[in-house]
Amino acid sequence: SLDIGVHTYYVKAVADTLVVRPATKLQTGQITYDNVSVQEVGENLVTNGTFDYDSGWNKGTHWAITGGQATRPSGTTASSSLKQVIPTVVGKSYILSCKVVSVSSQPLLLGVSSIGATFTSIPAGSTGTFSFLFTAQGTASQVELYQAGAGQTVVDNVILTEGNHEVIQSIPYGYDVKDVY
């Protein structure tokens with residue numbers, strides 16, 4: 001069954017036509033699509049950002065990749081990072097995002113340590129997807145998830161794409177592009 005609400009879907013184009021339909025056949029009723037936005041965001045530059053296998057990352061003390069997630073167990077007291085160096089283009093903007101399943105005790109820092117240790121802080125107790133916008137300062141950028149001190153952390157879906165596409169402008173139902181812009 002489909003939940004009522006706002007949903008975000010990511011698709012990979014294989015042709016110049018996009019067809020949207022539910023994954024399962026509806027027994028009754030109908031689906032209404034309203035306020036649909038489509039934006040090309042580019043491919044994920046992170047290797048193994050979905051943590052499907054235990055490689056591609058420089059894992060600091062106590063970090064593990066298992067079950068499709070990166071984890072740092074509770075009881076861990078040493079500060080440590082999960083890092084990956086990724087080729088970038090000087091002067092280009094990038095969005096780094098990460099799904100936080102859990103973060104306890106200490107904030108998790110998400111950012112790029114190769115540009116002067118610039119991070120966004122994800123408070124303890126937070127869940128959800130968090131993003132970080134940066135401009136590449138070199139031909140390689142080290143993306144990093146850093147946690148100081150004690151606390152359990154579970155993350156998934158680390159994504160790095162080129163461009164500043166945090167805000168997707170959509171056209172409300174019943175309006176034309178000329179009415180919005």
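Author: Let's start with E6 and E9, which run antiparallel and are joined by 5 bridges. One of the residues to look for is Leu109, whose bridge partner in E9 is Tyr146. Please keep in mind that this is a predicted model.

Now step back to the sheet around this pair. E6 and E9 belong to an open sheet of 5 strands, paired antiparallel in the order E1-E4-E9-E6-E7. Its edges are strand E1 (58-59) and strand E7 (118-122), each of which pairs on one side only.

Next, the nonpolar core. The largest one holds 25 residues, and those touching the most other members are Phe51, Trp57, Leu96, Leu145, Val155, Val158 and Leu160. Strand E6 (108-112) and strand E9 (140-147) are among the elements that give two or more residues to this core, and so are strand E4 (80-87) and strand E5 (93-103). The largest share, 5 residues, comes from E5. In soluble globular proteins, nonpolar side chains tend to be buried together.

Leu96 makes a friendly guide here. Beyond its neighbours within four places in sequence, Leu96 is in contact with residues including Leu110, Gly111, Phe130, Val143, Val158 and Leu160.

Of the 181 residues, 28% are buried. Among contacts between residues at least 6 apart in sequence, 69% join residues at least 24 apart.

How values were computed: Residues numbered from 1 in each chain as written. Predicted model: local features only at pLDDT ≥ 70, side-chain atom pairs only at ≥ 80, totals over all residues. Heavy atoms only, no water. Core = buried A, V, L, I, M, F, W, Y, C linked by side-chain atoms within 4.5 Å. Buried < 20%, exposed > 50% of the residue type's maximum accessible area, 1.4 Å probe, protein only. Helix = DSSP H or I, 4+ residues; strand = E, 2+ residues; numbered from the N terminus. Contact = heavy atoms within 4.5 Å. Pairing = 2+ DSSP bridges.
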